[in-house]
Amino acid sequence: EEMSTGGEKRKVNSSVRSWVEGDASGGKYGLNDVLEIIPLGAGNEVGRSCIVLKYKEKTIMFDCGIHPAYSGMNALPFFDLIDPASVDVLLVSHFHLDHCGALPYFLEKTPFKGRVFMTHPTKAIYKMLLSDYVKMNNISAEDSLYVEQDLINSMEKIEVINYHQEIEVGGIKFWCYNAGHVLGAAMFMLEIDGVKILYTGDFSRQEDRHLMAAEIPDMSPDVLIVESTYGVQTHDPRIEREKRFSHFVHEIVKKEGRCLIPVFALGRAQELLLILDEYWQAHPELWNVPIYYASSLAKKCMAVYQTYLNMMNDRIRQQIQISNPFIFKHISSLKGMGSFQDVGPCVVMASPGMLQSGLSRELFELWCSDKRNGVLIPGYCVEGTLAKTIIAQPDSVQLLSGQVVPLRMSVNYISFSAHSDYTQTSEFIDILKPSYIVLVHGEMNEMNRLNNALTDRHKSTKIFAPKNGVPVRLVFKSEKHSKVVGKLASEPPSDGKRVAGIIVQKDFNHHIMESADLSNFTQLTTSKVVQKIHIPYQQNFSIALNALKEMYEMVVDIDQTELSSTKTQGKEAYRVCDVVDVVQFDENSVLLEWVSNPVNDMIADSITALLLQSQSNPAPLRPKMESEDQFVVNFMKKQFGNAMKVEGSNIEINLNGKLCKIIRNGRRVECEDEELKKRITEHLQRVEMAVGPIPETLVLQ
């Protein structure tokens with residue numbers, strides 16, 4: 001299926017049908033019992049993370065990123081698959097572009113009207129990174145996803161959340177935990193009608209030089225949506241990686257070479273700067289070799305890191321008591337190529353991390369043909385990027401100009417990527433014990449390997465690895481409970497006792513209460529609507545009164561003090577069924593007045609019709625007929641034939657040897673056979689309904 005995102009067409013795999021657990025077709029369960037998870041990005045790929053969850057008519061979006069290997073519309077998630085206006089909450093896990101790069105587009109170019117949340121550091125860094133992305137983008141203005149003003153406008157819509165702070169939006173409860181991936185990274189726990197979902201985003205359970213390890217939530221989720229970036233791979237110990245990293249850099253500069261380390265401006269760059277600064281401090285022979293942190297955001301980035309030192313690990317918090325670890329002794333900032341003097345061995349840490357464009361790409365193209373130089377790839381690389389290509393160490397590479405040149409510089413890959421590996425992920429799952437696992441953010445092969453390994457290890461857990469656009473549907477059948485509150489709760493319940501009140505639903509909670517308690521337990525208030533209607537009536541009012549008494553059993557005089565208006569006092573007035581006042585307003589009109597509700601309105605409507613009929617045809621509503629007693633006799637005769645006979649003032653019915661007596665004076669039935677007694681009683685009630693006025697009890701049921 002081809003999907004259009006406002007211009008270029010992109011393909012989303014629809015050959016795989018939905019993953020369904022349980023009867024999610026709506027036959028056995030209601031549609032509201034089905035929880036749907038659909039990746040709009042990061043399904044069998046790394047990039048454009050965007051996961052949409054739907055449950056109980058609520059829609060939540062996790063992350064809103066772009067794909068680093070594509071440009072323009074092709075880099076966006078498959079927003080075509082949803083209605084952006086239906087998204088209630090958008091939760092952004094961290095500031096990397098593959099998780100937040102499409103946010104200005106989604107907030108400013110679509111009908112989205114929901115609320116957006118991220119942590120304080122994420123919001124601070126988000127603006128800097130995306131502003132740099134807009135300026136450094138090499139595509140034409142027409143193909144740009146958004147401009148600087150869109151980014152500025154999006155900032156006003158973003159709300160911040162602290163770790164462990166619980167927020168509720170329309171029945172959607174959520175809070176977040178430290179994810180350990182980068183400064184401010186968050187895992188979001190979501191609860192809808194008792195069902196808990198944990199979205200990890202990118203997370204790391206290994207503490208490094210400045211960040212804490214990801215937290216373990218204090219409760220088990222029903223559904224875990226977890227990254228699968230490294231599949232079944234296991235990271236080398238941190239100390240070993242640091243030694244290999246330092247040794248490679250040292251060897252390059254020792255032979256008068258240039259060492260390029262492509263990084264993203266924020267994230268792993270700060271970790272590597274701490275390692276290099278410490279290593280240089282321990283090796284005086286390297287002090288004449290400069291280290292450059294080449295990023296237009298360098299100083300701003302460091303300011304953010306210095307602001308949020310309290311969110312880092314104990315090592316940093318203790319060190320800050322002596323000196324600021326992010327004020328480096330051996331590292332200088334480099335804004336761009338214009339201020340760089342390439343005159344000897346040096347180490348340059350430049351962005352972006354996958355060599356797509358920018359300063360890191362310029363330096364790579366400048367140095368790649370010299371065998372003295374080296375490039376060290378320190379993080380995860382997405383398929384289709386130059387960084388991923390050179391890890392395989394090809395003989396040649398293609399420059400941005402299209403020219404093909406030999407690749408002679410040394411290439412090394414030492415992962416400092418703060419993503420969970422197999423050991424961390426499996427132990428994380430062992431502790432949380434979720435019922436369902438949905439794998440995202442992983443290349444297809446890595447994701448499938450992880451799926452197989454986790455399936456073998458967690459036999460009782462259902463695991464899914466959906467592709468982009470392929471929904472996972474899970475059934476969570478919840479029972480509805482109503483809590484009785486207020487005056488209704490003052491007496492304990494008992495068997496057979498009827499509870500009557502108003503059911504108030506707020507999100508997924510139901511309460512039963514008296515209307516008088518609405519203002520105490522809700523933000524609702526009660527009001528009384530009194531309706532009045534003047535009906536033209538030229539007939540004598542006694543005709544109207546007779547018609548009312550023929551139709552309704554309860555028509556009584558009204559005490560003059562009960563009339564609501566001085567204009568009606570002293571007038572002839574009656575109350576029908578204890579709800580509608582009928583007043584002879586003047587010689588040519590009748591006034592009806594009542595407190596409005598569905599039942600009272602129905603009675604008032606019937607009285608209006610009755611008055612209009614008696615106005616045009618003043619004859620009695622019921623024609624003269626035999627007496628009611630005689631009507632009963634004739635009716636029973638037709639029902640039971642020769643089995644019925646009249647004995648004095650009573651009626652006897654002998655049916656198949658079962659004797660039943662109707663006492664006409666009291667309108668009661670005497671019979672030993674309960675079935676026959678019930679049958680005859682029902683016949684009597686029908687007679688009374690047919691020949692008598694409508695009883696009040698029937699009207700007000």
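Two strands count as paired here if DSSP finds at least two bridges between them. Keep that in mind for the close-ups below, which come from a predicted model.

**View 1. The whole chain, before zooming in.** Start with the big picture: the chain holds 18 helices and 37 strands. Buried residues make up 50% of its 701 residues. Among contacts with a separation of 6 or more, 68% link residues 24 or more positions apart.

View 2. Strand β13 (residues 195-199) pairs with β14 in the parallel sense over three bridges, and L198 has L224 as its bridge partner. Strand β23 (residues 436-440) also runs parallel to β14, joined to it by five bridges. Look for V226 standing opposite L439 of β23.

**View 3. Helix α3 and its bend.** This helix takes in residues 120-136, and at 1.5 Å a residue its 17 residues should span 24 Å; the end C-alpha atoms are 25 Å apart, which agrees. There is still a bend of about 25° at Y126. Y126 is itself buried, and other buried residues of α3 include P121, I125, L129 and Y133.

**View 4. A five-stranded open sheet.** Follow the strands across in the order β29-β33-β32-β31-β30, with antiparallel pairing. The edges are β29 (530-536) and β30 (555-557), each of which pairs on one side only. From one strand to the next, the twist averages 25°. Zoom in on β31 (residues 573-576) and β32 (residues 580-586), and you'll find four bridges joining this antiparallel pair. A573 stands opposite V583 of β32.

**View 5. Two helices lying across that sheet.** Helix α14 (residues 541-551) lies across β30, β31, β32 and β33 (589-595), and runs at about 170° to β32. Helix α15 (residues 598-616) lies across β29, β31, β32 and β33, running at about 170° to β33.

Conventions: Residues are numbered from 1 along each chain as its sequence is written. This is a predicted model: local features need pLDDT of at least 70, side-chain atom pairs count only at pLDDT 80 or more; totals for chains, interfaces and linings use all residues. Side-chain values use heavy atoms; hydrogens and water are left out. The expected span of a helix is 1.5 Å times one less than its number of residues. The bend at a residue is the angle between axes fitted to the seven residues ending there and the seven starting there. Buried means under 20% relative accessible area, exposed over 50%, partly exposed in between (1.4 Å probe, protein chains only). Contact means heavy atoms within 4.5 Å. Axes are lines fitted to C-alpha atoms, for helices over the stretch in contact, and angles run from 0 to 180 degrees between N-to-C directions.
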